[in-house]
Amino acid sequence: MSVRIGRSEIGTDNPVYVIGEIGLNHNGDIEIAKRLIDVAVESGAQAVKFQKRTPEIATPEHMRDLPRETPWGTMTYLDYRRRVEFGEREYLEIASYALRAGIDWFASPWDVPSVGFLEGLGVVAHKVASASLTDLELLAALAATGKPVICSTGMSTIEEIDRALETLGTERLVLMHATSSYPMPAEEANLRMIDTLRQRYPGVPVGYSGHEHGLQISLAAVALGAVAVERHITLDRAMWGSDQAASLEPQGFAHLVRDIRIIGDAMGDGVKRVFPGEEAPRAKLRRVAA
């Protein structure tokens, strides 16, 4: 089974769907967001993803009043969330910019009002963040949109994933294996879960959302059959923000997409044949004819 999102078909017989996760790495600056969209386009990714919250709803109660040191001074965690959150004006600008650049964009809504907000902007899909997988009210709102849903499975048990899919349904669904460590050590990658998810939910495309340093684990996920790959992108890992250290800088992201395409070309169809490049060595080196 494949799932269509915007300009792309996601599934085994299609090019790997690469998502540049901008998230909050824009730090509330629309110009940084545009530059990150440019990075994704220039690298050959098919989509960029943001995060959308209603801070008063999505910020956990026990976190709201905690002090946070930020580039804008010391403020409560809730005020920090308000400071970096884009509103309608910024997202209309993002939608227009992405359209002109020829790349799909969507976001992870962290609460029900944010689903309505994104629907009003005509997003092509929605993304469920790993932290939201157990929010059944949110999942029901996403299912009701009828839009494709990409669902990350980090920090979750298999039983929690089962319950989420009972609400989301499996039509128009892409599952993403993920481990929600930032940055993720290699020993927590558990890439064999890609096949486990594929077998447990037949017909559901399975991809990989990574938070590791480097490219190797994401490339291994593609070789193991991941049909989509999501990685955080940043202009500079030294920038302020909790996701920057686990992100790829422009050159690294470009190399990731390049290598994903090479792996895609190399996978073939599994049918044994003699390729044109083998004909000359075959004629020269094979001593006994078949």
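Is Trp 105 buried or exposed? At 8% relative accessibility, Trp 105 counts as buried. The model on display is a predicted one, and this tour begins at that residue.

**First stop: Trp 105 and Phe 50**

Select Trp 105 together with Phe 50. The two residues form an aromatic pair of the edge-to-face kind, with 6.4 Å from centre to centre and 75° between the planes. Next, colour the strands that carry them. Phe 50 lies in strand β4 (residues 47-52) and Trp 105 in strand β7 (residues 104-109), so the pair ties together parts that are 55 residues apart in sequence. Phe 50 is buried as well, its relative accessible area being 0%.

**Second stop: Phe 86 and Tyr 91**

Now select Phe 86 and Tyr 91. Here is another edge-to-face aromatic pair: the centres are 5.9 Å apart and the planes stand at 85° to each other. Phe 86 and Tyr 91 are both buried.

Together, Phe 50, Phe 86, Tyr 91, Trp 105 and Phe 117 make up one aromatic cluster. In the structure as a whole there are eight aromatic pairs.

Turn to residues 30-43, which are helix α1, and residues 88-101, which are helix α4. How do their axes meet? The axes come within 11 Å and cross at roughly 25°. An angle under 35 degrees counts as roughly parallel, and α1 and α4 are therefore roughly parallel to each other. The crossing of α1 past α4 is right-handed.

To see the contact itself, show the side chains on each helix. From α1, select Ile 30, Glu 31, Lys 34, Ile 37, Asp 38 and Val 41. From α4, select Glu 90, Glu 93, Ile 94, Tyr 97 and Ala 101. Colouring this contact by class shows six nonpolar residues, five charged residues and no polar ones.

**Last stop: Ala 58**

Finally, select Ala 58, which is found in helix α2 (residues 55-58). Is Ala 58 buried or exposed? Buried means under 20% relative accessible area; Ala 58, with a value of 19%, is therefore buried.

Definitions and conventions: Residues are numbered from 1 along each chain as its sequence is written. This is a predicted model: local features need pLDDT of at least 70, side-chain atom pairs count only at pLDDT 80 or more; totals for chains, interfaces and linings use all residues. Side-chain values use heavy atoms; hydrogens and water are left out. Axes are lines fitted to C-alpha atoms, for helices over the stretch in contact, and angles run from 0 to 180 degrees between N-to-C directions. Helices (H or I, at least four residues) and strands (E, at least two) are DSSP runs, numbered from the N terminus. Angles under 35 degrees count as roughly parallel, over 145 as roughly antiparallel, 65 to 115 as roughly perpendicular and the rest as oblique. A crossing is left-handed if the near helix is turned anticlockwise from the far one by less than a right angle, and right-handed if clockwise. Contact means heavy atoms within 4.5 Å. Ala, Val, Leu, Ile, Met, Phe, Trp, Tyr, Cys and Pro count as nonpolar, Asp, Glu, Lys and Arg as charged, and the others, Gly among them, as polar. Rings of Phe, Tyr and Trp (its six-membered ring) pair if their centres lie within 6.5 Å; planes under 30 degrees apart count as stacked, over 60 as edge-to-face and the rest as tilted. Buried means under 20% relative accessible area, exposed over 50%, partly exposed in between (1.4 Å probe, protein chains only).
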